[in-house]
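Q: I would like to learn how to read the features of a model with care. Could we take them one by one, with the general idea before the case?

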Amino acid sequence: IVAASIGSVVSSSDGFWKVYRGNDATGTLVLDLAATNFLPLPQIDISVANTSTANIYVTNSGTGGTLILEVTKHATYTEDLGAI
């Protein structure tokens, strides 16, 4: 896997969901979500891929909630059709 992009997002929280690209909250903030959200980003040709080779780190400032991220991976490989 050489990169990953965030596509659709569904969330709810009594606080804020923050999604970073990096190892922790010092990484690049790519999403800051409050209340309830449904973001079908691929339908409008948007993906959240800033620093696409970095980890995805998530925080929630509330006491509960749900976050669903559709993540697409990008890989490079050589297909060996002779092995089929």
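A: Helices (H or I, at least four residues) and strands (E, at least two) are DSSP runs, numbered from the N terminus. This is a predicted model, in which local features need pLDDT of at least 70 and side-chain atom pairs count only at pLDDT 80 or more, whereas totals for chains, interfaces and linings use all residues. Residues are numbered from 1 along each chain as its sequence is written, and side-chain values use heavy atoms, with hydrogens and water left out.

Q: How many helices and strands does the chain have?
A: The chain has zero helices and four strands, in the order β-β-β-β from the N terminus on.

Q: What is the radius of gyration of the chain, and what would a compact globule of 84 residues have?
A: The radius is taken over C-alpha atoms, and the globule rule is 2.2 Å times the number of residues to the power 0.38. A compact globule of 84 residues would come near 12 Å, but the chain has 15 Å, and its C-alpha trace spans about 55 × 30 × 20 Å along the principal axes.

Q: Which side chains meet in a salt bridge?
A: Side chains of opposite charge can pair when their charged atoms come close. The term requires a side-chain nitrogen of Lys or Arg within 4 Å of a carboxyl oxygen of Asp or Glu, and by this rule there is one salt bridge. Asp 32 and Lys 18 form the bridge at 3.0 Å, N to O, linking strand β2 (residues 28-39), which holds Asp 32, to strand β1 (residues 3-21), which holds Lys 18, 14 residues apart.

Q: Why do Asp 32 and Lys 18 count as partly exposed?
A: Buried means under 20% relative accessible area, exposed over 50%, and partly exposed in between (1.4 Å probe, protein chains only). Asp 32 counts as partly exposed because its relative accessibility is 42%, and Lys 18 because its value is 25%.
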